[in-house]
Amino acid sequence: MLATGNSISCKTMANYKEPDVLEEVRILSERIDKECPHSMGRRVVSLLGSLKELEKQEIDFQSQRSSDCLRLQQDVDELDKMLNSGANYEDSDVFHCSLQDSSERLESAKKELATKLRSIVSLKRQFDEVPSQAELIQYELRLSELNTQIQKKLRQTRKHYDTYNALLEIKDLMLKETSLLNSISLQFQNAITSADGRIKLTNSLEGILNGTQQKLEKVQLTLESEQKSCDTIKEKYTTAISEQRRSSSLLKLFQEECARNERLRAQMQEHCNLVPKQEQPT
């Protein structure tokens, strides 16, 4: 019954005017609320109302579009009349507004272009500052040469310092020896005249002998330490020389094997070129 009523209403709504349709929809809605308050009829009525609202909006949009098209056409006709009549279009407000807008857009584009150019120049400078592979190799070679020169200069400086310290130590020993000999020479004249003088001279010589023995022991310890360091360095040098010889021999063998491998490859290639391809049996 409800479906029949809906079909009748939908058929007659196309022939009715809008107030009659709205009245029919209202009556149908009241009937649905009374007979079937929880059915799908209410949703159908709601959709019908939404459809009429959309149709009304479509009509309004079409009327608005027609008015806009008419206004734009009038503007175009007016501009055509101004151009055909030879009027000074440059003095019009529209031209000034368009010119100002174009000028602002041009200035904005120029500023944006200048910003991009500055960023491009900055990137180019950064790229130019990065050294190439050849430059890196040259830098490495120069740094290696500079390191070699610095090491050589450092060895020479250490050698000069060691020589200076050794000569200074020899000088101190010679001064002490000279002072000791002068002291012995002065005491010897007084020592030979009395027994107490000879005893004092003997005691003084024993003290000098003890100091000399202690100094000699210190020098011996220093010499032994330096000798151990020298022996260690010699062992390292001998090991390095043996490793260098072993590396040279291995490198020579490797080069020989590489040459032999190349010869074998060449021979194999020649053999493959000379031997004809065998046909597959049918």
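Let's start with how this chain touches itself: in this predicted model, among contacts in the protein chain with a separation of 6 or more, residues 24 or more positions apart account for 24%. What elements make up the protein chain?

Now look at how much of the chain is covered. Of its 282 residues, 5% count as buried, where buried means under 20% relative accessible area. The protein chain exposes about 25,500 Å², with carbon and sulfur atoms supplying 57% of that area.

Next, the record. An unreviewed UniProt entry lists "coiled-coil region" for residues 99-156 and for residues 209-236. Take the span 209-236 and check it in the model: 100% of it is helix and 0% is strand, and its end C-alpha atoms lie 40 Å apart.

On to empty space. Rolling a probe the size of a water molecule over the atoms shows where such space is left. The largest pocket holds about 330 Å³. Which helices each supply at least two residues of its lining? Helix 5 (133-191) and helix 6 (195-274) do, and the largest share, seven residues, comes from helix 6.

If you want to find the pocket on screen, pick out the lining residues: Leu173, Lys176, Glu177, Leu180, Gly207, Ile208, Gly211, Thr212, Lys215, Leu216 and Val219. By type, the lining divides into five nonpolar, three polar and three charged residues, with Gly counted among the polar ones.

Conventions: Residues numbered from 1 in each chain as written. Predicted model: local features only at pLDDT ≥ 70, side-chain atom pairs only at ≥ 80, totals over all residues. Heavy atoms only, no water. UniProt positions renumbered as here; feature names shortened; annotations may be inferred. Helix = DSSP H or I, 4+ residues; strand = E, 2+ residues; numbered from the N terminus. 1 Å grid on protein atoms, 1.4 Å probe; cavity = no way out; pocket = protein on both sides within 12 Å on 5 of 7 lines; lining within 4 Å. Points joined across faces, edges and corners; volume = space filled by probe spheres on them. Buried < 20%, exposed > 50% of the residue type's maximum accessible area, 1.4 Å probe, protein only. Contact = heavy atoms within 4.5 Å. Areas by Shrake-Rupley, 256 points an atom, 1.4 Å probe, with all protein chains shown as cover.
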